[in-house]
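Hi everyone, thanks for coming. I'd like to walk you through one model today, so please have a look at it while I talk.

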Amino acid sequence: MRIGILGLGKMGGNMAARLLRGGHEVVGHNRTPEALALLAASGGIAARSVEALVGGLEPPRVIWIMIPAGRPVDEAIEALRPRLSPGDVIVDGGNSNYRDTMRRAALLRGGGLHLVDVGTSGGVWGLGEGYSLMVGGEEAVVEYLRPVLATLAPDPSRGWGRVGGPGAGHFVKMVHNGIEYGLMQAYAEGFAILHHKEEFALDLPRIAEIWQSGSVVRSWLLDLLAAALRANPAMDGIKPWVADSGEGRWTVTEAVDLGVPAPVISLALMARYRSRDEESFADRLLAALRNSFGGHAIRREV
């Protein structure tokens, strides 16, 4: 099957490479010539414009978008729409907000085009391990994409599936990322406690390796944590600043809208925000309050 890919960053480039290895033909477009050269070197067809990307595909065309969520996706769709034909399919494999996806699907449906949203998990490991794909869209269209999805997944029969109509794939991926926030925070807090128990001189990489086998807390995240600790046990040179893609906050907002208690995910999101406040006014104010009512010492900056 021939598929177009718009956006050949790290994830998009790896997905293109996996599709090529699986016997598919890939026509790709990216703003940077380096990404296009890499695609061509891997056996793909480098399209130097959106027009060339669309022109390199036969109807019904499939164009997979792998670009940052938000306005860039709208701009990409607007660039593609007038060049596509009824029956063509746009796949959004990024981390778009599911409400935006539903709006875009309705817009494209009016012109006879289809939008399939694929929540994609696997990160930089997806090229070798395969991607977990949470798919939203019309059933017949998703079935048409089966060869592509089965190639990108860890196995043709597992790790991927249609979870509902347009928007459902991104909604499930949003909650997936919220769960990820909570899991990562729990691991980080647990190992922080171990790290601070200095009297035992605990070997954190060794503990992580022990937990990797047989433990109820074993997971791929723990595998990655163990590797990170082996490479840098004290986390030297790493700034304690944790970013978020937006999906954690969307998950918390959805929980509030639905009236579903989600304290772990919510606190994990707050912890990420806290990591970025190097000059915390709140902490300064807390220190001043403790001094005011209890006479507790204040540590002065030098």
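**A walk through the model**

Of the 302 residues in this protein, 41% count as buried. Please keep in mind that this is a predicted model. The fold has 14 helices and eight strands, and its C-alpha atoms fill a box of roughly 75 × 40 × 40 Å along the principal axes.

Let's begin with a helix pair. How do H10 and H11 pack? Helix H10, residues 204-211, and helix H11, residues 220-231, pack at an angle of about 155°, with 8 Å between their axes. That makes H10 roughly antiparallel to H11, because angles over 145 degrees count as such. The crossing of H10 past H11 is left-handed.

Next, the charges. The salt bridges come to 20, and I've picked a few of them. Arg276 and Asp244 meet through their side chains in a salt bridge, at 2.4 Å from N to O. This pair links distant parts of the chain: Arg276 sits in the loop between helix H13 (263-275) and H14, while Asp244 sits in the loop between H11 and helix H12 (247-258), 32 residues apart. Are these two buried or exposed, or something in between? Arg276 has 24% relative accessibility, so it counts as partly exposed. Asp244 has 16%, so it counts as buried, the cut-off for buried being under 20%.

Glu279 forms a salt bridge with Arg284, and their closest N and O atoms are 2.5 Å apart. Glu279 is exposed, with a relative accessible area of 52%, whereas Arg284 is partly exposed at 40%. There is also a network: Asp74, Asp100, Arg103 and Arg104 are joined into one by salt bridges that share partners. And in another salt bridge, the side chains of Glu78 and Arg81 meet at 3.1 Å, N to O. Glu78 is partly exposed at 40% relative accessible area, and Arg81 is partly exposed too, at 31%.

Now for the nonpolar side of things. Which residues make the nonpolar surface patch of about 570 Å²? They are Phe281, Leu285, Leu286, Leu289 and Phe293. Leu286 lies in helix H14, residues 281-294, and is partly exposed, with a relative accessible area of 49%.

Let me finish with Phe191, which is found in helix H9, residues 168-196. With a relative accessible area of 7%, Phe191 is buried. Phe191 and Arg300 are 109 residues apart along the chain, and their C-alpha atoms are separated by 30 Å.

How values were computed:
Residues are numbered from 1 along each chain as its sequence is written. This is a predicted model: local features need pLDDT of at least 70, side-chain atom pairs count only at pLDDT 80 or more; totals for chains, interfaces and linings use all residues. Side-chain values use heavy atoms; hydrogens and water are left out. Patches are made of residues with over 30% relative accessible area and no salt bridge: like charges are joined within 9 Å, nonpolar side chains (Val, Leu, Ile, Met, Phe, Trp, Tyr) within 5 Å. Accessible areas come from the Shrake-Rupley method with a 1.4 Å probe; for residues, only the protein chains shown count as cover. A salt bridge is a side-chain nitrogen of Lys or Arg within 4 Å of a carboxyl oxygen of Asp or Glu. Helices (H or I, at least four residues) and strands (E, at least two) are DSSP runs, numbered from the N terminus. Buried means under 20% relative accessible area, exposed over 50%, partly exposed in between (1.4 Å probe, protein chains only). Axes are lines fitted to C-alpha atoms, for helices over the stretch in contact, and angles run from 0 to 180 degrees between N-to-C directions. Angles under 35 degrees count as roughly parallel, over 145 as roughly antiparallel, 65 to 115 as roughly perpendicular and the rest as oblique. A crossing is left-handed if the near helix is turned anticlockwise from the far one by less than a right angle, and right-handed if clockwise.
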